[in-house]
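Dear colleague,

I am handing over the structure we spoke about, and my notes on it follow below. Please read them with the model open beside you.

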Amino acid sequence: MPGRNLEAVIAATREVGDMAMARWRGEGQKVNVWNKSHDNPVSDVDLAVDARLKAVLGAMVPEAGWLSEETADNEDRLSCRAMWCVDPIDGTRDFIRGRPGWAVSVALVVDGAVELGVLYAPALDELWVAQRGQGAFLNGEALRASRRMIFNGARVPADSLPKIDSDLVMVTKPNSIALRIALVADDRADLVATLRWGFEWDVAAAALIATEAGATVTDAFGEPLVFNTPRAQAFGVIACAPGIHHDVVGRLHDRAVALTSQE
């Protein structure tokens with residue numbers, strides 16, 4: 001399949017990331033913001049980045065499908081072996097508040113698996129890159145994910161922790177879920193776990209980056225993630241050190257039970 005030029009994908013991701021950076025409120029720029037739905041903000045920058053990526057990436061692999069947070073889904077992608085899976089600005093809340101925890105996320109999915117992923121956080125000067133079977137890199141340096149073996153005391157990006165997770169240790173939490181997963185890839189966190197339906201575009205690139213760095217990445221039940229599905233969603237995501245994955249799945253189960261008992 002033509003167009004799997006990682007350097008070209010990196011260049012396209014850098015281009016739109018720098019374009020977004022020029023409009024970032026952290027640089028004192030004006031951003032037009034509205035809600036797509038309740039408590040679901042989007043900006044004119046999200047849409048501009050989406051349009052540019054669709055044009056550039058679409059030209060690289062014309063036969064590939066397209067899945068993006070800011071484009072209406074088209075089921076035609078399901079008949080495509082390859083699909084671009086994009087979040088133009090993951091962490092829009094940080095972007096519009098002038099905080100640095102946002103990134104452009106680009107992944108190429110082939111036959112349900114992520115083949116290459118690029119995550120660019122210009123406000124942090126971080127470029128994360130992975131290609132299946134070729135390792136993962138941050139600003140050109142090879143990544144090695146957390147190797148923690150003990151669940152108690154594990155580092156998790158969070159603003160606060162429920163009582164059930166009081167045995168964990170909080171570290172800085174970017175709004176971008178992709179960047180949180182990337183922290184595991186860089187051994188700045190030991191685990192990221194969610195208990196909700198999440199979209200493929202949120203995690204595709206970061207899931208490959210973490211996996212190629214040696215982390216274990218699954219859904220909330222501990223099952224492998226599959227991409228280019230009809231719903232374009234999975235229930236929860238876990239990215240963690242392999243040695244604590246079993247405990248993370250168990251903790252999510254306990255948390256789900258506790259939440260259910262409160263209803």
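**Salt bridges and nonpolar cores**

The structure holds 15 salt bridges, and please keep in mind that this is a predicted model. One of the salt bridges joins Asp 44 to Arg 23, with the closest N and O atoms 2.9 Å apart; since Asp 44 lies in helix H2 and Arg 23 in the loop between helix H1 and strand E1, the pair ties together parts that are 21 residues apart in sequence. Arg 23 is partly exposed, its relative accessible area being 28%.

A further salt bridge brings together the side chains of Asp 165 and Arg 251, at 3.0 Å from N to O. Asp 165 belongs to the loop between E10 and E11, whereas Arg 251 sits in helix H6 (residues 245–262), so this pair links parts that are 86 residues apart in sequence. Asp 165 is buried, with a relative accessible area of 1%, and Arg 251 is buried as well, at 14%. Both residues belong to a network of salt bridges that also takes in Asp 167 and Arg 255.

Turning to the nonpolar side chains, the largest core has 42 residues, and among those with the most contacts inside it are Cys 85, Trp 128, Ile 209 and Phe 227. Several strands and helices each supply at least two residues of this core, including strand E4 (82–90), helix H4 (177–185) and helix H5 (200–212), and H5 gives the most, with nine residues. Ile 209 touches, among others, Leu 119, Trp 128, Leu 143 and Ala 185. A second, separate core of 33 residues includes Ala 20, Met 60, Trp 66 and Trp 84.

With best regards

Notes:
Residues numbered from 1 in each chain as written. Predicted model: local features only at pLDDT ≥ 70, side-chain atom pairs only at ≥ 80, totals over all residues. Heavy atoms only, no water. Core = buried A, V, L, I, M, F, W, Y, C linked by side-chain atoms within 4.5 Å. Buried < 20%, exposed > 50% of the residue type's maximum accessible area, 1.4 Å probe, protein only. Helix = DSSP H or I, 4+ residues; strand = E, 2+ residues; numbered from the N terminus. Contact = heavy atoms within 4.5 Å. Salt bridge = Lys/Arg side-chain N within 4 Å of Asp/Glu carboxyl O. Lists of a residue's contacts leave out its neighbours within four places in sequence.
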